[in-house]
Amino acid sequence: MTEATKPARVPVAMTVNGRSVSAEIEPRTLLVQYLRENLDLTGTHVGCDTSQCGACVVHVGGEAVKSCTMLAVQADGMSVTTIEGLATGGALHPMQAAFRENHGLQCGFCTPGMIMSAVDLVTRFGPDLDEKTIRENLDGNLCRCTGYHNIVKSIAAGARAMGAAATPRAAE
Amino acid sequence: MNASVSSTVTPIGAAVRRKEDHRFITGKGRYTDDLDRPGQAHAYFLRSPYAHARIRSLDVTAAKAMPGVVDILTGADLAADGIGDLICGWMIHSKDGSPMKMGSHPALAKDKVRYVGDHVAVVIAESLNAAKDAALTVEVEYELLPAVADLAAAQDGTAAQVHDCAPRNTAFEWELGDRAATEAAFARAAKVTTLDLVNNRLAPNAIEPRAAIGEYDAGDEAFTLWTTSQNPHVARLVLSAFVGIAPEHKLRVIAPDVGGGFGSKIFIYAEETVCAWAAKKVGRPVKWTADRSEAFLSDAHGRDHISHAELALDETGKIIGLRVHTRANMGAYLSTFASSIPTYLYATLLSGQYDIPAIYCEVDAIYTTTAPVDAYRGAGRPEATFLLERIVEKAARERGEDPADFRRRNFIRTFPHQTPVIMAYDAGDYDASLDKAMELADYAGFPARRAEAERRGKLRGIGFSAYIEACGIAPSAAVGSLGAGVGLWESAEVRVNPTGNVEVLTGSHSHGQGHETTFAQLVSARLGIPIDQVSVVHGDTDKVQFGMGTYGSRSGAVGMSAISKALDKVEAKAKKIAAHILEAAEGDIEFKDGRFTVAGTDRSLAFAEVALNAYVAHKFPTSEIEPGLKEGAFYDPTNFTFPAGCHICEVEVDPETGVTEIVNFTAVDDFGVIINPMIVEGQVHGGLGQGIGQALLEGVTYDADGQLVTGSYMDYTMPRAGDLPSFTVGITTTRCPSNPLGIKGCGEAGAIGSPPAVINALTDALGTEDVPMPATPARVWAIARKSLSARAARQAAE
């Protein structure tokens, strides 16, 4: 490969955690790479290479997305929320608080993706989540530390808290 | 924003919420891959695509000319710089007295590769993509050799030899116990139960992949290595004293937040070794992060035993002897602790909770052309427990008796109890855990539940596992006499600041266990100061002088005991100072609830007041008492600790799909004194998840050519939330007599006790002992069909 055949950079622009950002990037840049390497938002993690572990889950246009399986250019013009953007005005999001209160994390590596998926669960299914619904819909999020027991408890509690606060759809 | 961290004094035994959570739930964790060093280059390892081959030639010229390449380094470069091999730090001797045959393990291959994924060269480039592109153009000529992928066949004279120094691919042939006494027991046995079993190979799969950043400061002539390590000081010691990267005082190792380890991040691997060395060679920081495929290929795997076991009983059903022969897969090289896992961490637990007078165990450690095998959550104790608890259950069934009754007959009830396999159990009450587990699991109601399930066309089974394990690793002289190259004490320094808050520097290193909370909780309780006044410092060899790290369920029993000793010294010195300030005799000073009081009076000082006085140093004779309030301690355990318990698993199998549902999993554990029950339960849950995963879902598979078939999450089944139930967890307590806090430790018990409980339940449901791990739906379906048609044939004949 020579200088002449180096992949051309393309412009990309989006809103991340409420802030407008833009860059010139190689088209093959994954959204998770753009977030971690260009924007220094290292809260979103890479845990696998087959799109199964869920450590990379963020919200794009209000929906949970695996940022390792999306090109940054596919998010062009969209609104992205990462774990860093979940808390608002100095207060933890109820789901974040629920994970701490219920010991839903140990090493913390799967936690950002887990929390983002959990918030999305509430968006899709409402705040009254039963154990079966939670467990079935976490099939895209792997945790090696907790055995999921307290994650399920955390999500049920966080969902109830979100319902009680009548929180609108995840912060755009 | 972290207002929820308690500003109260936290007692021992309280479910204090974690301080470290704040950064993890807000995305501010600092894992190794999150860090970037100015001017860093990226490393990509060229790995062998073959299981066994000689390297005929290696030409990096074309690759070096690729865009963005900084350098490409090989085993020849490593050897030219005098960099030593990776080591195994535990010497095991064979039965004939000869030392184990440790094949050379260079960080980059010299002339031979021995497993798919073995390290051939490292490409260092401006970006990872540039490094990967260049790696494709490295020209390697391999001369293929036959793979040795089958553990059962590796010792045949016909298999290829993985290491020249190890004929029949045998690293060592070891034994433990009394052969003659055991043979005598079998000679007079009324009944002998036999069992052949396989403990399946597992991939650890911490969700954070391994990573390393090596950096060299030419001005200081000193290295810094960031690494995903459970034990940064051990990494530093090995890399300096054995591998020869740098003298110890010129090598700083930092393990920042580590995203899970389970043993796999104990070892000193090729990648961080090369990153450190290469940083000096290329004059830039060198960063490497594994992708998941690399993790599957090269993180040390766990388990992988083939065993034959025999249990000798007298006519009353009392166990009089146990005989075991195990073939243990070491993989292609002896990893850092690998030799100890199937020996002193395995055979020494073969007595279990039972009073067995005679035990004899032989272990052959065998090389194969697969990834190295080393400690993985439980490290030897799951293998022992699986074998013993399955053969005990089988023996009970052969006698036609309830497995709980059979166990009770054989329980150890007097302590201390010296087993025939080195371990001397200090305290325990195995009846208590069995009783509580049976109650919580509603064992009595099982027959009715089984009948009801049968009416729905489902098969229910229930299985026990009465486990004991040895952890709180470990008494230094004891393990030294058994071949360990290091002591296994732990260190702590308690620094009281003039303003009365405290830093605890610990040689332990949390990778999920919550030390920033539990260690602070201990200090808060002891000194009577709010927990938010206590910080825990770990993971940096520049800050903490030395430590042995976190594994072997030791951070509570050993790490906290070191802190407790240091706190003893702090209290003693503080009392001396308080006595001077309160103008009383030292013997009249009482310390309670954070205050130093002259006995029988109301004259007292708060801890913070004494701390300030210690540093202001105006009011006591500094010729007798040094200023300051900072004390350190090294704690060496006097024994292993012996957590024990009873797990009961109830399953329901759908014979039409082979799917096994765990309808209830009950775990009752005795961990001695518990500092934070929330943390302890979390450890149990996590261990259960991994143990159930081993039993039903997980298994590393290599094909006959030594190719890793289960190389990603597409093929290796990780337990998901939908695969596991919510657990029923209970506690019984016998205080650990061997350390100041009475702690036994809890980190591995879940993974140790659960696999046999699950398989015993499945063998009960399916009516056959021949249920392998993982008992996947495909396997269970086939077994169920066979079993059901055999039963139908029997019924037709009646």
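Trainee: In this predicted model, how far apart do the C-alpha centres of domain 2 of chain B and domain 3 of chain B lie?

Mentor: Chain B is divided into three pieces, with domain 2 covering 311–474 + 639–797 and domain 3 covering 489–635. The contact between these two takes 21 residues from domain 2 of chain B and 17 residues from domain 3 of chain B. On the side of domain 2 that touches domain 3, the residues divide into 12 nonpolar, seven polar and two charged. The C-alpha centres of the two domains, for their part, are separated by 41 Å.

Trainee: Which element of chain B gives the largest share of the side that touches chain A?

Mentor: The contact between the chains draws 45 residues from chain B and 46 residues from chain A, and the chain B side divides into 17 nonpolar, 17 polar and 11 charged residues. Elements giving two or more residues to that side are α1 (21–25), α8 (292–298) and α17 (677–696) of chain B. The largest share, six residues, comes from α17(B).

Trainee: What is the handedness of the crossing of α2(A) and α5(A)?

Mentor: Helix α2 (residues 94–101) of chain A packs against helix α5 (residues 149–164) of chain A at an angle of about 145°, and their axes are 8 Å apart. Pro94(A), Met95(A), Ala98(A), Phe99(A) and Glu101(A) in α2(A) meet Ser154(A), Ala157(A), Gly158(A), Ala161(A) and Met162(A) in α5(A). By class, this contact has seven nonpolar, two polar and one charged residues. As for its handedness, the crossing of α2(A) and α5(A) is right-handed.

Key. Residues are numbered from 1 along each chain as its sequence is written. Chains are lettered from A and ligands numbered from 1 in the order in which they are written. This is a predicted model: local features need pLDDT of at least 70, side-chain atom pairs count only at pLDDT 80 or more; totals for chains, interfaces and linings use all residues. Axes are lines fitted to C-alpha atoms, for helices over the stretch in contact, and angles run from 0 to 180 degrees between N-to-C directions. Helices (H or I, at least four residues) and strands (E, at least two) are DSSP runs, numbered from the N terminus. A crossing is left-handed if the near helix is turned anticlockwise from the far one by less than a right angle, and right-handed if clockwise. Two residues are in contact if their C-beta atoms, placed from the backbone, lie within 7 Å. Ala, Val, Leu, Ile, Met, Phe, Trp, Tyr, Cys and Pro count as nonpolar, Asp, Glu, Lys and Arg as charged, and the others, Gly among them, as polar. Domain bounds come from an automatic or database domain assignment.
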